[in-house]
Amino acid sequence: RRVAALADASRERDAVHLRHVHVEDREVERAVVEPAQRLAIATGALGVGTLGLVLEPDQGGARVVSLVPSITESLFDLGCGDLVRGVTDYCVFPTDKVRDLPKVGGTKNPDVGRIKALLPDLIIASQEETNKDVVEKLQAEGFKVWVTFPKTVAGTFELLWTLVRLFDVPHRGQVIDALERVYEYAALAAENSPQPKVFAPI
């Protein structure tokens, strides 16, 4: 019955998962839109479309400054590392790729002047980490700031899918899809298991 439940859950997921159009090759479904529209569409799923972000990653000159270490690493994992023009002092992975990138300070209070000097098309920040004053100063200068705030594992997956859609790397979606399936199978298998107590120091 457990195997049947897992199979049923998998079939249901494939039926409603709008990101995938073929189970066999795991192709990522994406609308045929102009590059400048893609960011507004992609970030709409995260509720940040009201920022009016416009980015043209296909024009060969997109410049991204990442103020979030985990997103910095994800950008490189997704094959978008060549767009990263600046990172924080705490963005240390992948080591060989970020070692020589310009540093803009810490994650909470990065140096606004250094960020501006890099002339980024997009600055990726974190609601949990990046000081609100920093975000507002950059926005007041006309820079596009995407403030991320995934609160759950599912939210983190959605953020990764947004990066896939934004930077037009659908083939990288296969990795995220595999991670999602492992997570869903593990969650189903743990439904009837004792729930451990977890201490998460912050």
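Which residues line the largest pocket? In this predicted model, local features need pLDDT of at least 70 and side-chain atom pairs count only at pLDDT 80 or more, while totals for chains, interfaces and linings use all residues. Residues are numbered from 1 along each chain as its sequence is written, and side-chain values use heavy atoms, without hydrogens and water.

The lining consists of Val-68, Ser-70, Ile-71, Ser-74, Ser-126, Glu-128, Thr-148, Phe-149, Pro-150, Thr-156, Leu-159 and Leu-160. Helix H3 (69-77) and helix H7 (153-166) are the elements that each give two or more of these residues; helices (H or I, at least four residues) and strands (E, at least two) are DSSP runs, numbered from the N terminus. A pocket is an open set of points on a 1 Å grid over the protein atoms alone, where a 1.4 Å probe fits, with protein on both sides within 12 Å along at least five of seven lines; lining residues have an atom within 4 Å of a point.

The strands form an open, parallel sheet of 4 in the order E2-E1-E3-E4, where pairing requires at least two DSSP bridges between two strands. Strand E2 (84-87) and E4 stand at the edges with a single partner strand each, so one side of each lacks a neighbour in the sheet. Strand E1 (residues 64-66) is joined to E2 by 3 bridges, and Val-65 has Gly-86 as its bridge partner in E2.

Strand E3 (residues 122-126) pairs with strand E4 (residues 145-148) over 4 bridges. Within this pairing, Ala-125 is the bridge partner of Val-147 in E4.
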